[in-house]
Amino acid sequence: MNDTSPPAAPRSPARWLLATAVVVGLAAAGYGAWYYWQHQQREQQAQAQTAAVQLQGLEAAVDALRRDQRASSQRLQDAAATNRVLRDEMLGLSQRSALLEENLAKLTESANLGRQAVQRDEAELLLTQAAQRLAFADDVDGARRLYGLAATALAELPDSDGLNLRQALVQEREALDALGDGPRVLALQRLDAVSQALQRLPSQVQPSSPVAPVARPWWQAAIAAFVDITPSRLQGPLTAGERASAEQALELELTLARAAIERGDGRGRDAALARVDQWAQRRWPDSPALRAQRAELQALRQLPLQADGNVLGSTLRQLRTQTDRR
């Protein structure tokens, strides 16, 4: 069987151009896809590198934070240990402060006790000196000054011990003020007044009424023409020598009486005043003025030469009693 189909027509150039264009398009598309894939790969690599760098930075930051945390923890531990040490030291300081305060309180109490003891000793010394001045010299003004100093010394004592002492001292000072210049000074003043009054007494006294004549014994009548007898109670000693001797003896006895009063010798004063009375009777004739001075001499013998010991000296006795109790 014979093939009767017509022969194939030759390919045209348009088809080749189309195929070439398709191939070129496909190649261009493949290249574009490859280029895009390469670009994506490069971007991914760049991002991966950036992420790696960032990750390294974060790891380094985390490591730094961890180091800082460890350092902070160490510092906190050190601070805690330091706080414990400081707390222990504060407790020790508090205990030492308490001990110091206790010791200071004891020292203060001891100092107060020592100061009070010194004040007591000072007051006792002053009161003793005041008592001695009154007893031996009748120095009332000096005793007042010493009592004032003793009041200053007793002013700071606590009321438990010092109140009674201060009250007793006030009573003593009032009694001392009531003495005035003192018993001896008063006695000397009165003795001087008696001495001056005796010097003013008349040497002769005229009788207040005429004496009635009385019968004389025969022997007085016999010698009446030669001797005139006058009673001594009216004219006293008759001669100037006797009057001078009596005045000298009287002055001596007055001096002895003054000396006895000044030293507080009551017996010596009484003996001297008794002799003054005797010499006064010898020196001056009997008269109301002489009898008044003799009564004054008797009153002088009754005057005390010492202050009343019931009130004066009570503070000193109480102070010594408290000292003995301590």
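Modeller: Let us begin with Arg269 and Asp270, whose side chains meet in a salt bridge with an N to O distance of 3.0 Å. Please keep in mind throughout that this is a predicted model.

Biologist: Are the two partners, Arg269 and Asp270, buried or partly exposed?

Modeller: The cut-off for buried is under 20% relative accessible area. Arg269 counts as buried because its relative accessibility is 4%, whereas Asp270, with a relative accessible area of 23%, is partly exposed.

Biologist: How many salt bridges does the count come to?

Modeller: The count comes to 12 salt bridges. One of the pairs is Arg190 with Glu296, where the closest N and O atoms are 2.8 Å apart. Arg190 belongs to helix H4 and Glu296 to helix H9, so this pair ties together parts that are 106 residues apart in sequence. Arg190 is partly exposed, with a relative accessible area of 25%, and Glu296 is partly exposed as well, at 23%.

Biologist: Which residue forms a salt bridge with Glu253?

Modeller: The partner of Glu253 is Arg275, and the N to O distance between their side chains is 2.5 Å. This pair links distant parts of the chain, since Glu253 sits in helix H7 and Arg275 in helix H8, 22 residues apart. Glu253 is buried, with a relative accessible area of 8%, while Arg275 is partly exposed at 31%. Salt bridges can also be joined into a network, as they are for Asp141, Arg144 and Asp177.

Biologist: Which side chain is joined to that of Asp277 by a polar contact?

Modeller: The side chain of Asp277, a residue of helix H8, is joined to that of Arg294 by a polar contact of 2.7 Å. Asp277 counts as buried because its relative accessibility is 17%. When neighbours within four places in sequence are left aside, Asp277 is in contact with Arg294 and Leu297. Gln278, also found in helix H8, counts as partly exposed because its relative accessibility is 45%.

Biologist: How should I think about the nonpolar residues?

Modeller: In soluble globular proteins, nonpolar side chains tend to be buried together. In this model the largest nonpolar core has 20 residues, and the members that touch the most others are Leu191, Leu198, Trp284 and Leu300. The elements giving two or more residues to this core are helices H4, H7, H8 and H9, and H4 supplies the largest share, with five residues. Another core, of 19 residues, lies apart from this one and has Leu126, Leu134, Ala153 and Leu176 among its members.

Biologist: With which residues is Trp284 in contact, leaving aside its neighbours within four places in sequence?

Modeller: Trp284 is in contact with Leu198, Gln199, Leu201, Pro202, Ser203, Leu250 and Leu290.

Biologist: How far does H4 reach, and what covers its buried residues?

Modeller: H4 has 17 residues and reaches 24 Å from its first C-alpha to its last, close to the 24 Å expected. Its buried residues include Leu188, Leu191, Val194 and Leu198, and what covers the buried residues of H4 includes helices H1, H7, H8 and H9. H7, in turn, has 23 residues and reaches 33 Å, close to the 33 Å expected. Among the buried residues of H7 are Leu250, Glu253 and Leu254, and their cover includes H4 and H8. H7 is followed by Gly264, whose phi is positive, near 75°.

Biologist: How many helices and strands are there in the chain?

Modeller: The chain has 10 helices and zero strands. Of its 326 residues, 23% count as buried. Among contacts in the chain with a separation of 6 or more, 77% are between residues 24 or more positions apart.

Definitions and conventions:
Residues numbered from 1 in each chain as written. Predicted model: local features only at pLDDT ≥ 70, side-chain atom pairs only at ≥ 80, totals over all residues. Heavy atoms only, no water. Core = buried A, V, L, I, M, F, W, Y, C linked by side-chain atoms within 4.5 Å. Buried < 20%, exposed > 50% of the residue type's maximum accessible area, 1.4 Å probe, protein only. Helix = DSSP H or I, 4+ residues; strand = E, 2+ residues; numbered from the N terminus. Contact = heavy atoms within 4.5 Å. Expected span 1.5 Å × (residues − 1). Polar contact = N/O pair within 3.5 Å; in protein donor to acceptor, adjacent residues only side chain to side chain. Salt bridge = Lys/Arg side-chain N within 4 Å of Asp/Glu carboxyl O.
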